[in-house]
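Work through the exercises below with the sequence and the model open. Try each task before reading its solution.

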Amino acid sequence: MSETLSRLEKRCAERGLRMTDTRRLVVSLLSKADDHPDAEELHQRARDIDPSISLATVYRTLKLLEEFDLVERHDFRDGRSRYEEADKDHHDHLIDLESGEVVEFFDEELEALKNTIAERLGYDLKDHRLELYGSRRKSSR
């Protein structure tokens, strides 16, 4: 395992979270993930490194990280809870209904519109999540 701590590992230490070897492995895998893995996917990745790690340990670690506000759990309507590091740069999600691919995006116009809507309704926007669901357009020939 790398001697350099990931941002997520540093945040765990800052929050006083005791890091066992198995927690460190799950945190490391999650911090390196460029997708939104579910617990089973993380478990398989962890078993490739440490065959003794149990699925229950992965679930407990994810629950703990969520309680410490270090990861966010997403339900993208596919029956699985998926995870990503919390406090990453703000982004929204577009979920491909056919492949399940999750595309992260940021749009300044959309951010401004969300604030305008909140203001119009008499609110100061503090936080939000936006998930768009769609299918790729079929190319016309």
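**Exercise 1. A residue in a strand**

In which strand is Arg 82 found? Decide also whether Arg 82 is buried or exposed, and list its contacts.

Solution. The model is a predicted one, in which local features need pLDDT of at least 70 and side-chain atom pairs count only at pLDDT 80 or more, while totals for chains, interfaces and linings use all residues. Residues are numbered from 1 along each chain as its sequence is written, and side-chain values use heavy atoms, with hydrogens and water left out.

Step 1. Arg 82 is found in strand 2; helices (H or I, at least four residues) and strands (E, at least two) are DSSP runs, numbered from the N terminus.

Step 2. The relative accessible area of Arg 82 is 8%, so Arg 82 is buried. Buried means under 20% relative accessible area, exposed over 50%, and partly exposed in between (1.4 Å probe, protein chains only).

Step 3. Contact means heavy atoms within 4.5 Å. Leaving aside neighbours within four places in sequence, Arg 82 is in contact with His 36, Pro 37, Asp 38, Glu 72, Arg 73, His 74, Phe 76, Gly 100 and Val 102.

**Exercise 2. The two sides of helix 1**

Which residues of helix 1 are buried, and which are exposed on the other side?

Solution. Step 1. In helix 1 (residues 7-14), the buried residues are Leu 8, Glu 9, Arg 11 and Cys 12. They lie on the same side of helix 1 because they cover an arc of only 160 degrees around the axis; the arc is that of the directions from the helix axis to the C-beta atoms.

Step 2. Ala 13 and Glu 14 are exposed on the other side of helix 1.

Step 3. The buried residues of helix 1 pack against helix 2 (21-32), helix 4 (55-67) and strand 2 (81-85).

Step 4. Just after helix 1 comes Gly 16, with a positive phi of about 80 degrees.

**Exercise 3. The nonpolar core**

Which residues have the most contacts inside the largest nonpolar core?

Solution. Step 1. A nonpolar core is a set of buried Ala, Val, Leu, Ile, Met, Phe, Trp, Tyr and Cys residues joined through side-chain atoms within 4.5 Å.

Step 2. The largest core has 20 residues, and those with the most contacts inside it are Cys 12, Leu 17, Leu 30, Val 58, Leu 62 and Leu 65. At least two residues of this core come from each of helix 1, helix 2, helix 3 (39-49) and helix 4. Helix 2 supplies the largest share, five residues.

Step 3. Not counting residues up to four places away in sequence, Leu 17 touches Cys 12, Arg 23, Leu 64, Leu 65, Phe 68 and Leu 70.

**Exercise 4. Salt bridges**

How many salt bridges does the structure hold? Find the partners of Lys 114 among them.

Solution. Step 1. The structure holds 13 salt bridges (a side-chain nitrogen of Lys or Arg within 4 Å of a carboxyl oxygen of Asp or Glu).

Step 2. The side chains of Asp 92 and Lys 114 form one of them, at 3.2 Å, N to O. This pair links distant parts of the chain, with Asp 92 in strand 3 (residues 92-96) and Lys 114 in helix 5, 22 residues apart. Asp 92 is buried, with a relative accessible area of 0%.

Step 3. Glu 111 and Lys 114 also meet in a salt bridge (2.9 Å, N to O). Both lie in helix 5, three residues apart, about one turn of the helix. Both Glu 111 and Lys 114 are buried.

Step 4. For an exposed pair, take Lys 138 and Glu 98. Their side chains meet in a salt bridge (3.6 Å, N to O). Lys 138 is in the segment after strand 5 (131-134) and Glu 98 in the loop between strand 3 and strand 4 (102-105), 40 residues apart.

Step 5. Arg 7, Arg 11 and Glu 85 are linked in a network of salt bridges.

**Exercise 5. A residue in strand 3**

How far apart are Ile 95 and Glu 131 in sequence and in space?

Solution. Step 1. Ile 95 lies in strand 3 and is buried, with a relative accessible area of 4%.

Step 2. Ile 95 and Glu 131 are 36 residues apart in sequence and 7.2 Å apart in space, C-alpha to C-alpha.
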